[in-house]
Amino acid sequence: MSLLTCHNLSKSYGKTLVLNDINLEIPSGKIIGLLGPNGSGKTTLIKLINGLLMPNSGEILINMKPVGINSKKVISYLPEHSYLNFNMKVNELIQYFSDFYKDFDKEKAYQLLKKLNINAKDKLSAMSKGMKEKVQLVLVMSRKADLYILDEPIGGVDPATRDYILDTILTNFNKEASIIISTHLISDIEKILDEVIFIKNGQIYLYGEADELRAQKGKSIDEIFREEFKC
Amino acid sequence: MLKKVLKYDLQSMGKSLFPLYAALIIMAIILRLLNLVADKLVLIEIIYGFMLLLFVLLMVGALFYTFFIAIKRYYKNLFSNEGYLTHTLPVSASSLLVSKTISAFVYLIATSIVMILALMIAIDTSQIFEILKQGIEIMALSMKVSNSTIIIFSILFIILGYMSYVLMVYAGISLGQIHNNNKLVFSVVWSIVLYYISQIISIVMLGVMVVLINPELIDMINQNSPAPDEMNQIIIFSFITSLILIGIYYIISHNRLKHLNLQ
């Protein structure tokens, strides 16, 4: 049984077609890179899976059920920008997540914060952009979800922190779960990917095992990406 | 889940409104104290006058501010960046909307109570209450109903009027989200459009009602001859119109929350 299924999924904004007839089946237990240039439709696809946008046609199933309360219970989503209320303190946010998500592990969240030297009593508005991103990642990764969807999780942090964040993701996700990571920074995440999806002009351009693709083309995923999406 | 959503809505609005409540009460106490010594010193009298003006402004603005905070919470929590979290919580659209409606109602009541308390602290209200009581008695007599009916009707009138405006702007903001650009501008435009539509509906409904009850009613009112039964029917009918409008606004907002367009 696939964890996530997209059938003939299309989405347009006005007259602009952003996603065109997407068909996808994503299994459990995989780390998948959702890769594509700017405006290719990555974020739109992610928003559709999270129910933040409605498709014009087609359907999305998570654990064979349509997007709704049940899918939201099992998806842990990290958007590309901050979605937290800056007037709240970190410990208030932990309580907030714990109130709404049954799979949220409070203890784990506090442990991760301690490792990152973040004071749980601090207000978000007093933190730097990078710190806020870390808090958001801690909250998202402290859930025992079936599917983690991370939209540009390392975009706003320095290269030294990137490795730490990737390590945090790898060591904290539920091993039976899948992770979809959308990013431009392919070389940084290449080593952790099991599968890759290349998305171009709103269509799935390529979907396969990362190792197979590397062996087939004799190049790294980063190099394949640069070649395929050359301007 | 409604309880949990409500807990956070009330907390968040409370953070903005409790300082207003504190300011109203503190100012009322200062006014009362200044009043005791105002006639003894000109300077204190000037300060008292200034404080009284500020107090009146704060009292006038309190309900508007409460209204604004309810609208702000709705927009920020559901349609700004925060909406990405709110809408990925395993919570139904109706829980989100009902919670926003209840919290707006709770703070309308809270602000009203604080305003009455502040007024009672600040000045000697025995005269005001006496005038109010006389007014109620006159109205009750002319409408052929009891005093308590007048009080209940007046409170209902304020609550329904306020809540219909809150839900009207909720619906306006929700409709503004259909557009792909300038969502905030379109939210305002839709709220204004809904306001005019609701005014037209209310006037048409009232006209129909008058014709149905008694076509000569307007002449009777113009000639100052009271028509209590008819007037009571019209008041009840206007309550029903408000309730229908509130229902329509709720359905519009609920529908938009079920068909999100968070870009």
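The lining of the largest pocket counts 18 nonpolar, two polar and no charged residues (Ala, Val, Leu, Ile, Met, Phe, Trp, Tyr, Cys and Pro count as nonpolar, Asp, Glu, Lys and Arg as charged, and the others, Gly among them, as polar). This is a predicted model, in which local features need pLDDT of at least 70 and side-chain atom pairs pLDDT 80 or more, while totals for chains, interfaces and linings use all residues. Residues are numbered from 1 along each chain as its sequence is written, chains are lettered from A in the order in which they are written, and side-chain values use heavy atoms, without hydrogens and water.

**Stop 1: the largest pocket**

Select Ser112(B), Ile116(B), Leu132(B), Ile155(B) and Ile158(B), which lie nearest the centre of the largest pocket among its 20 lining residues. The space there is about 670 Å³. On a 1 Å grid over the protein atoms alone, a pocket is an open set of points with protein on both sides within 12 Å along at least five of seven lines, a cavity is a set where a 1.4 Å probe fits but cannot get out, and lining residues have an atom within 4 Å of a point. A volume is the space filled by probe spheres set on the points, which are joined across faces, edges and corners.

Next, colour helices H2 (42-79), H4 (93-122), H5 (126-143) and H6 (147-176) of chain B, each of which supplies at least two lining residues. Helices are DSSP runs (H or I, at least four residues) numbered from the N terminus. H4(B) gives the most, eight residues.

Why does the pocket lie between domain 1 (1-124) and domain 2 (146-263) of chain B? Both domains give residues to its lining; the bounds come from an automatic or database domain assignment.

**Stop 2: the largest cavity**

Select Tyr96(A), Phe100(A), Val5(B), Tyr8(B), Arg73(B), Asn77(B), Thr86(B), Leu89(B), Leu96(B) and Lys100(B), the lining of the largest cavity. H3 of chain A and H1, H2 and H4 of chain B each give two or more of these residues. The volume of this cavity is about 40 Å³, and its lining has six nonpolar, two polar and two charged residues.

**Stop 3: a salt bridge between chains**

Show Glu92(A) and Lys15(B), a salt bridge with its closest N and O atoms 3.8 Å apart (a side-chain nitrogen of Lys or Arg within 4 Å of a carboxyl oxygen of Asp or Glu). The pair runs from helix H3 (residues 90-100) of chain A to helix H1 (residues 2-37) of chain B. Over all chains, the structure holds 13 salt bridges.
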